[in-house]
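Q: Please take a close look at the aromatic pairs of this structure. I would like to understand how one such pair is arranged and what surrounds it.

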Amino acid sequence: MARPSGHRSVIAVGGVVRLGEGIVLVRLTYSRHRGKFMFPGGKVDPGESLEAALVREVREEAGIEAEPLGIVAVRHRVDPAELNTFVIFEMRHLSGEPRAVSPEADEVRVFDADDLRRTPKAFVGLVPEIALPVLDGTYTQLARNDDFAPAPYGPDTFRIYGPGGRTLPELERFDQSGLGE
């Protein structure tokens, strides 16, 4: 089916940044979710990898450095004018104290599982849905597999995420070298 004229595609990323026994969330100052807490994140710029956008957005919104560990969820939404895909990663906090550093978020706090259960209306709806299994350890993570990058791509331009990041033996791999032509 052809895409309607004026329809756009948006890819965004968010981070479930673990800090102590909780996760870092930002209170939004825009959109229909204004005043609710959400994962730090935002849109992927043209030519930017998901991981680079995620690290940048977490730094810009929460003032911290964190590294992506793997994908924990994908939210996909089709609106009349937009196809919107939001890829949510679990992240490891590396440095910095969470603080509001962007006009897009007026507060940054760490919430634990009890907070998410006790006051669910304080959060964008998908936050408890995704964060509680991460905090409780009952989720499945799609891990980055750095051992697979078909020619002519390399590990900086091709990413695959899968269960545990395991690779198939070389002979069992599907040859994708002619698919980019």
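A: In this predicted model, there are 5 aromatic pairs. One of them brings together Phe-111 and Phe-123: the ring centres lie 5.0 Å apart and the planes meet at 85°, so the pair is edge-to-face. The step from angle to name rests on a cut-off, because planes over 60 degrees apart count as edge-to-face.

The two partners come from separate parts of the chain. Phe-111 belongs to strand β7 (residues 105-112), while Phe-123 sits in the loop between α2 (113-118) and α3; the pair therefore ties together parts that are 12 residues apart in sequence.

Leu-25 is in contact with Phe-37, Phe-111 and Phe-123, among other residues, when its neighbours within four places in sequence are left aside. The contacts of Leu-25 also include Met-38, Phe-39, Pro-40, Leu-116 and Val-127. Which residues touch the most other members of the largest nonpolar core? They are Leu-25, Phe-39, Ile-88, Leu-116, Leu-126 and Val-127, within a core of 42 residues. Helix α3 (residues 126-136) gives the most to this core, namely 7 residues.

The chain contains 3 helices and 9 strands, and their order along the sequence is β-β-β-β-α-β-β-β-α-α-β-β. Of its 181 residues, 39% are buried. Among contacts with a separation of 6 or more, 62% join residues 24 or more positions apart.

Elsewhere in the chain, strand β5 (residues 65-78) and strand β6 (residues 82-95) run antiparallel and are joined by 12 bridges. These two strands form a hairpin with 3 residues between them, and Val-78 stands opposite Leu-83 in β6. Strand β5 also pairs with strand β8 (residues 142-144) in the antiparallel sense, over 2 bridges; there, Ile-71 stands opposite Leu-142.

Definitions and conventions: Residues numbered from 1 in each chain as written. Predicted model: local features only at pLDDT ≥ 70, side-chain atom pairs only at ≥ 80, totals over all residues. Heavy atoms only, no water. Core = buried A, V, L, I, M, F, W, Y, C linked by side-chain atoms within 4.5 Å. Buried < 20%, exposed > 50% of the residue type's maximum accessible area, 1.4 Å probe, protein only. Helix = DSSP H or I, 4+ residues; strand = E, 2+ residues; numbered from the N terminus. Contact = heavy atoms within 4.5 Å. Phe/Tyr/Trp six-rings, centres within 6.5 Å; stacked < 30°, edge-to-face > 60°. Pairing = 2+ DSSP bridges.
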